Amino acid sequence: MEIFFRYNWMVREQWYAWCEEVSYDELIRQRTGGVGNILQTLFHIADVEWSWIRLLQGKEDFQEDFEEYKTLEKVRGLDSQFRTEVQKFVESWDDSMENRPLYDLQSDGTLAIDTWGEVMLHIIAHQIHHMGQLSVWSREIGKKPVSANVIGKGLMKPDLP
C-alpha cells in the first residue's frame with residue numbers, strides 16, 4: 001500500500017514541476033473531463049486523498065475551496081500541508097487495518113460499509129485516473145506528459161547477492 005502512495009506522491013511532484021513550464025492560462029483553461037482544469041485537478045487529487053484519510057481516522061472532513069488556491073504555489077503548499085498527516089497515516093498502515101469497516105452515511109440516508117483497504121485502494125486509483133486525464137491534456141497543448149511508469153522510479157530495492 002505504502003509503495004503506491006509513494007508512487008503517487010512522486011508522480012504528483014513531477015506534475016507540479018511540469019506545471020512550472022506551462023503558462024498560468026493553460027493551467028486554468030477549462031478542459032473536457034475531470035474537474036475542469038489542470039490546476040484544479042491537482043488540487044482535487046490532494047484534497048480527496050486527505051479527506052478520505054481523515055474519514056478513516058474518524059476526524060472531521062471539510063472541503064477546501066479551490067477559489068482560495070488558484071495558483072500552483074498555493075496548491076503545492078496545501079498538498080504539502082495535507083501530506084504530513086496523510087504520510088503519517090500511510091506509514092502506520094498494517095495488515096490488521098485492511099478489513100476494518102468504514103461506516104459512511106450517504107447523502108441519500110443510506111449507510112455504505114466499505115473496508116479501510118478498499119478506501120486506500122480507491123485513493124490510489126483516484127489519482128492514477130486523474131493522471132491519465134492530465135496526460136491527455138498535456139498532449140493537447142503539445143507537451144510531453146509525466147511518465148506513469150512505475151518501473152525505474154526506485155520505489156523498491158532488489159535483494160542482491
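Which residue lies over the face of Trp116, and at what distance from the ring centre? Arg100 does, at 4.9 Å. Keep in mind that this is a predicted model. I'll go through the rings, then a helix, then the surface.

Rings first. The structure holds eight aromatic pairs. Take Phe4 and Tyr7. Their ring centres are 6.3 Å apart, and their planes make an angle of 80 degrees. That makes the pair edge-to-face, because the angle is over 60 degrees. Both residues sit in helix α1, which runs over residues 2–19. They are three residues apart there, or about one helical turn.

Tyr7 has 6%, so it counts as buried.

Next pair: Phe5 and Trp9. Here the centres are 5.9 Å apart and the planes are at 55 degrees, so this pair is tilted. Helix α1 holds both residues, four residues apart, again about one turn. Are they buried or exposed? Phe5 is buried, and Trp9 is buried as well.

Now back to Trp116, the residue with Arg100 over its ring face. Helix α5 covers residues 116–140, 25 residues in total. Does the length agree with the residue count, or disagree? At 1.5 Å a residue, the span should be 36 Å. The end C-alpha atoms are 37 Å apart, which agrees. After α5 comes Gly142. Its phi is positive, near 80 degrees.

Last topic, the surface. Which residues form the nonpolar patch? They are Tyr103, Leu105, Leu111 and Ile113. Together they have about 460 Å² of accessible area. Strands β1, residues 101–105, and β2, residues 111–115, each give two or more residues to the patch. Look at Ile113 in particular. Its place is in strand β2. Its relative accessible area is 53%, and the cut-off for exposed is over 50%, so Ile113 counts as exposed.

How values were computed. Residues numbered from 1 in each chain as written. Predicted model: local features only at pLDDT ≥ 70, side-chain atom pairs only at ≥ 80, totals over all residues. Heavy atoms only, no water. Phe/Tyr/Trp six-rings, centres within 6.5 Å; stacked < 30°, edge-to-face > 60°. Buried < 20%, exposed > 50% of the residue type's maximum accessible area, 1.4 Å probe, protein only. Lys NZ or Arg CZ within 6 Å of the ring centre and 35° of its normal. Expected span 1.5 Å × (residues − 1). Patch = residues over 30% accessible without salt bridge, like charges linked within 9 Å, V, L, I, M, F, W, Y side chains within 5 Å. Areas by Shrake-Rupley, 256 points an atom, 1.4 Å probe, with all protein chains shown as cover. Salt bridge = Lys/Arg side-chain N within 4 Å of Asp/Glu carboxyl O.
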